[in-house]
Each structure stands twice: as structure tokens, then as C-alpha cells.
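Please prepare a short briefing on the pockets, cavities, helix packing and strand pairing of the structure shown here.

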Amino acid sequence: MKISYNWLKQFLKIDAPSEDISNILTDLGLEVEMVEKYQSVKGELEGVVVGHVLTCEKHPDADRLKVTTVDLGTGTPVQIVCGASNVAAGQKVPVATIGTKLFDKEGVAFEIKKGKIRGQESHGMICAEDELGLGTSHDGIMILDENIVPGTPAAKVFNIENDEVFEIGLTPNRADAMSHMGVARDLRAGLLQKNATLELITPSVSKFKVDKRILKIDINVTDSKLVPRYCGVTISGITIKESPSWLQNRLKAIGLTPKNNVIDVTNYVLHELGQPLHAFDASQITGKITVKTVAAGTKFTTLDGIERILHEEDIMICDDQEPLCIGGVFGGQKSGVSESTTSIFLESAYFNPVAIRKTAKRHGLSTDASFRFERGIDPEITQYALKRAAILIQEVAGGEITSDIIDLYPKKIEDFAVFLNYEKAFKLIGQELPKETIKKIVASLDIKVNSSSDAGLGLIIPAYRVDVQREVDVIEEILRVYGYNNINFSNKLSATISNAPRTEDYKVQNIIGNQLNSLGFNEMMANSLTTPDYVSLSEQLKEEHNVTILNPLSNDLSAMRQSMLFSGLEAISYNINRRSSDLKLFEFGKSYRKLPSGFSEKKHLTLFTSGNRIAESWTNPQKPSDFFLFKGYINAILSRLGLDKTQNVPVSNDVFAEGIAFAIGNDILVEMGTVKKSIVKHFDIKQEVFYAEFHWELVLKLLSNKMKFTPIAKYPEVRRDFALLVDTNVAFESIYKVARQTEKSLLKDINLFDVYEGKNLPEGKKSYAVSFTIQDTSKTLTDVQIDKIMGKLQSNFESELGAQLR
């Protein structure tokens, strides 16, 4: 938000350096991000003076040029060659002297130099108004008042305005400061703490009066909850033209482009008082003004020429025939002020902030008016701002006020009542402030003291302070104005040693993150918001489990992710499309689901690998990542966490073409495998992707701060491998179940360590290489016992799964 220093000075009689004002505003919470210089004429006409043309003769060698002698007030006239047809002896004219820098239409500077034009010396330039930046005319040189003394600086003649503009990073809660009056109100409170007592000078509206009652337009508001207050008045006999320079300069200083005198006044009052206004061409209004909602699907063309489809909750300003304006957001093309307008209906209103916010969001419109209405303006200045604007319009456009002000305000918006407890305030502030200082601060913020006692203050908060409705908000206001920098702190340094366990989440994350980084992984951070359509890629994800956003930025960001897989695949696809196809990624994040019992939020660690395992070089030919390398990464993490006593069990997640899970007892710690081709194809990925998902909360739960030791088994374990030829529809899960049912006591582990599909195998077949770990804790197994177990396994695989040994 831009605030003009000259404009602020209309509210407060101050003359402090802009740097001091910036510091005070920043301390008050209105952070000044930048201070820019504004000049109504670039270069301030430095070097341009008033000259008196003494003689003017035709150039001897050019028909269209004239040779003049000009008195510049130095005592020695100079010769200037001029091409203007209207130059003549006796005139007072603006002259750019030697060394003066002028600026063209693009703002590029050029310097006036001594030179010869067709053989005649020229010591300066007699200027037209466009050459000085004072207008657009180039019909001839400017002719000034004959009473001006030669040598007078042109800056004094044309009242060049210099200003400083504060760029304030306004936080969304400070709706009260969205105007020059609001900033001045805060600045007054800040200056008061520096013992500078200033009066807030508000614009007078005492000149407002009804001239004639000849153009009354009735107003009807159908829903006072949507439109708590609505005012209107008519002004007739106006002339639409350019605004005077003072008004244009005010608007230009804060980055607004002047339009015409009426529209400029409404913009001026908006930035002066914070009250949006709208002017309708009264000749385009049929009957009365009705403020209401219209049927959904109604078409309406706004001032920018775009046809919009209205929603049934949009507040519309209508006449007896059609809508004229989207209330509080944007005007209509038909009813806007034009060059032919001679009478207007001027509107000032207070609209429901929530309704305006929804309308602006629906139509993708963000205007100065909607920006203020949707945050909450002051309902008490609605009529005052209307009078202020009406007086200014009469001043710059002429005309007469031709109706009484109609002010529909059926239910007054009440101020907020808050009790401030001194003890609580001192506790939160961290220092006991003088009670008189507290009273002085709240009074400087226009907060009324309704009652006072030793315990605290009964306060009435103005309705425009929508961000101050609780006791803690008042305490924050006091501290803000008193100054955070003025709060004392103890010189005593107290330190404590916390006994944080080694299994704190952030510590474990750092350990595993560093380990993965050393293995060549890069950490990624994906958006928790995603498209709800991803649930269709997995049967285990349900649309009814989506946690949807009420006001999404787009459909692609309208739901919280149920799985972290798809955001990872988006990252992989993004990188591959930019010729970075050898990827190792990991992410700590959360998934979200809506369940009948409530919302579920779970934390995960996910790993992705795709492409080649290492970069290609002459010593390291390219070799793609594979299932077992990826499994090794998982084992390394579990081993680092002390969770290496896991079992491999079949994976239940249907996103995997082939996969296994790591479990301790009945708890599944990790699921990993190759992502189905149908899923990676959805992301336009043509290479194999390996994915692992750690159930992080369970991992943390199983970690222990205590070191546990178990004796090394006295009796050896035995490993036997089978290469099984099975149908392609047989999953590892089936092999696992059959093995567990066959031998329950001595079979310690089952591990899938190779899968092969390709040539030299019968059609419809694949090969599983499975290892079986057998151990008896009470004795050494004999070959006979081992062969017997393996024989049972082979027999059951053949009978139940149709498997064959290769």
C-alpha cells in the first residue's frame, strides 16, 4: 500500500524527515518497505527559467526557423534558434538553458547543449508544454504571464510538487490502516509516545448542502444482513473533464492513473478515508435503486467489457430493469460515468465482508474497493465520506446537489466492549507499565474508557477495529504503540539443560536425512495440496476419504493428498522432462484422510529411485537401479535405526507391480517395490520407478532409548534357495503364505531376492528366486531335517501354486 507524505500532512501538522516517520510507522506495525521520491514533473524543471523574447527575426537560411534574442535575467541576452510558429518579440516564455536535462515521453533524459542550427548559434531551447512534461500539446511554445520577472525558475511558476511515498507492507488484519486517515491516526498515537501531541485534522463537510430537490432516486435494500448500510445522493449539472493538477498529483503519487474528475474524486476519497464509493450515470438509471441478489446464471458486463455469469449470492445494485453494478466489487459498463454524463447518483455503502470476499473470489476480481470491503471498513463514516466526495465533485466538476442523502441503516453496527485486566496485561507484556500510560495509549487509538478501577479498564472499541475484539488484542495494541523496543529485559542469563531423548522426531529425521544424503539422495518437499483425481489410480484410495479445500486456488490444488506417491511421481516427471532422469529422492511428509470417525493425519518417509544408479563414465558404464539395490537402501535405514530384526512379508498396497513389506510382528514398518506401469504412465514416465513408504510414527514408536543386547545364537542358521517357475499371476504373497503354513516353528525368514520375466521362459511364466532361513535355537539342524523341510515346501508349492523348480 502506498501512502503519500504530503497527503499525511493534511491530517497531521508534521515536518519530520521521512526517515523518522518510516521508523515510527514500522515500530507501530505498519512496516515501511521503501520510500520513493515523487515529482509531478520529472527533473523538477531544474535549469528551466522564464525568458523575455527581445527580438524575433526570420532565419536567413531556413523558412520555418526564427532567430531570437532572449533576456534570461542575467543581464546578457542570449541567441536562441526556435522553430515554433507562435514565437514573437515581447513574449515571456520558458527556456531550457545550456546543461538542462529534459525527459522525453519514455522518461529518457537528453541534455540541452550549445550548438549551431543552419549556421546560427543557439544557446538554449524555448519549450512547448510537452517538452517540459507539463502536458501533451506541441502546437507551439508556451506563452507565460507577461508580469513574470525574467530569470524566475519555472518550478516556481508551475508549482512543481515534490513528494515522498511510503510503501507499507500492510498485514491483512489492519483494515483500519487502509487509508491515509487510518495511517495518520496510527502515526498520531506513535508520535504521542514521543511527547509530540498532535491533533488529527479531518476534512470538513460543513459546506455540504442540498441546492435543489429535483432528482430524487429512491433506494431499496432487500437484505440488511448483506448490506447493513447504504447511502446515496444525486448531483446534477456536472461537467466531465480532466481533474485539476493537485488531484492528479495526489493520485499519481500513489500509483493511480487519473481518469476524469468524478472518478478521480471517488478514488481520492477511497484512499483518503478508506471508504469506497461508486458514481452511476443518473440518466442510465430507470426507476429506483434496488440492492439485492439476482438469479444464478444472469449475465452481466462489467466496466472492463467482460461478460460475467452471476452467482445467486452476488450483491447487485439494480434499477427497475437490470443490474447496474456488482456491489462492492466492480461497476457495470452501461451505468458508468462517461464524457456525456451530466448528472450522477453517488453511492456510499457498508457491505458484508464475507459476501464481498466470496464474490471477488468467484469472479477473479481484486479491486481497491473489494480489498477494503472484504476486510471490513468503518461503518460510521459511510455518510461522512459521501458528503466529502459530493463537496469535492462540486469543486472540480461543478453542478448542484439535487437530492437529500438517503441513508438506510436499520440496525447500527455496535462497537466492541472489552475489559482490560491490568495484571494480565503486565504478565503478557513482561513489564509493568504505568496505568496512566496505558490510558493515554488507548485514548490515542480512539478507544473509549467506559469504566476504570484498580483491577482494569472497561473499554469500548470502535467498530472499524475488526482486529481488536478480545482482551489480548487490546494488550497487543498497547504494546505495539508503547514500542516493543522499549520493553526492558533482564541482564541475567538463565540456561537450562533439557533431557531430550535420542528418539525425538527431529533428531531421528536428521540422522536418516544425513544418511540418505550420503547415499546420493536429494530431499524434496512437495505440496500437501493435490488433485482429488489421483484416488482413481489406486483401489485402496477412496474419493469419500478426500479432505477437500473450501476455497481452492484451482482444481489441481483442491484436496489434501491421501498418498505421498503421486506428488513424488510429479517431481520425477518434472525432472525427467528437463533431462534429469537419474533420480534419488526422499521426503518427510504427511498424508491426510477423512474417515467416519474424524480426520486422519499420518507422517511418512518416502523414497524414490529411477534411472541409472550412478552417473555414466568410462570406468562406470550405465547400470539401471534395480529392486535389490533399492531394498538395500531400506535395510540400511532400518539397520541404522536398530530395527534390523524385521521380516519380509507380502505387500498389500496395490500401487506396486512387485513389492515386499518389512514387518516387526504384526506391525508393517515399510512397504516398497516397483510402481505399476499403469500408474507411472499416467505421469508420462517411461522408465521404472521404485518407491518405498515408511510409516514414520510406527518407526518412532518402536525406537528405544535403551540399548538391548541378546546373545548370539549358539546354533547356526541355514539358508536354502529355490528358483521357482510360476504363473505370472502368482504373487510373492502366495509363496509366503504357503511357506508359513508348511513350516511354522523352524522357518525364520523368507526373502524374495530375484524376479525374472523374459526370454528362455515359457509363455505366461516368471521366475522367483526365494531364500529360506531355517534355524533351531535348541540344537544344530541335520541335513536330513533340512532336506525334509525343503521337500515339504517344494511339494506344497507344486500342489497349491503349480510351481516348478528351475
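Two strands pair if DSSP finds at least two bridges between them. Helices (H or I, at least four residues) and strands (E, at least two) are DSSP runs, numbered from the N terminus. This is a predicted model, in which local features need pLDDT of at least 70 and side-chain atom pairs count only at pLDDT 80 or more, while totals for chains, interfaces and linings use all residues. Residues are numbered from 1 along each chain as its sequence is written, and side-chain values use heavy atoms, with hydrogens and water left out.

**Strand pairing**

- β32 and β33 form a hairpin, with two residues between them.
- Strand β33 (residues 598-610) runs antiparallel to β32 and is joined to it by 13 bridges; Glu 587 has Thr 606 of β33 as its bridge partner.
- Strand β32 (residues 583-595) is also joined by two bridges to strand β28 (residues 522-523), and these two run parallel. The bridge partner of Glu 523 in β32 is Phe 586.
- β11 is joined to strand β6 (residues 92-96) by two bridges, and the two run antiparallel. Val 95 stands opposite Ile 126 in β11.

**Helix packing**

- Helix α2 (residues 18-27) and helix α5 (residues 180-192) have axes that come within 10 Å and cross at roughly 95 degrees. Axes are lines fitted to C-alpha atoms, for helices over the stretch in contact, and angles run from 0 to 180 degrees between N-to-C directions.
- α2 and α5 are therefore roughly perpendicular to each other (angles under 35 degrees count as roughly parallel, over 145 as roughly antiparallel, 65 to 115 as roughly perpendicular and the rest as oblique).
- The contact (heavy atoms within 4.5 Å) involves Ile 21, Ile 24 and Leu 25 of α2, and Val 183, Leu 187, Gly 190 and Leu 191 of α5.
- By class, the contact of α2 with α5 has six nonpolar, one polar and no charged residues. Ala, Val, Leu, Ile, Met, Phe, Trp, Tyr, Cys and Pro count as nonpolar, Asp, Glu, Lys and Arg as charged, and the others, Gly among them, as polar.

**Largest pocket**

- On a 1 Å grid over the protein atoms alone, a cavity is a set of points where a 1.4 Å probe fits but cannot get out, and a pocket is an open set with protein on both sides within 12 Å along at least five of seven lines; lining residues have an atom within 4 Å of a point.
- The largest pocket holds about 990 Å³ of space. Grid points are joined across faces, edges and corners, and a volume is the space filled by probe spheres set on the points.
- Its lining has 37 residues, with Ser 40, Gly 133, Leu 134, Gly 135 and Lys 252 nearest the centre of the pocket.
- α6 gives the most to this lining, with five residues.
- The lining of the largest pocket divides into 12 nonpolar, 13 polar and 12 charged residues.

**Cavities**

- Among the 16 residues lining the largest cavity, Ala 175, Asp 176, Leu 273, Gly 274 and Asp 378 lie nearest its centre.
- α5 gives the most to the lining of the largest cavity, with three residues.
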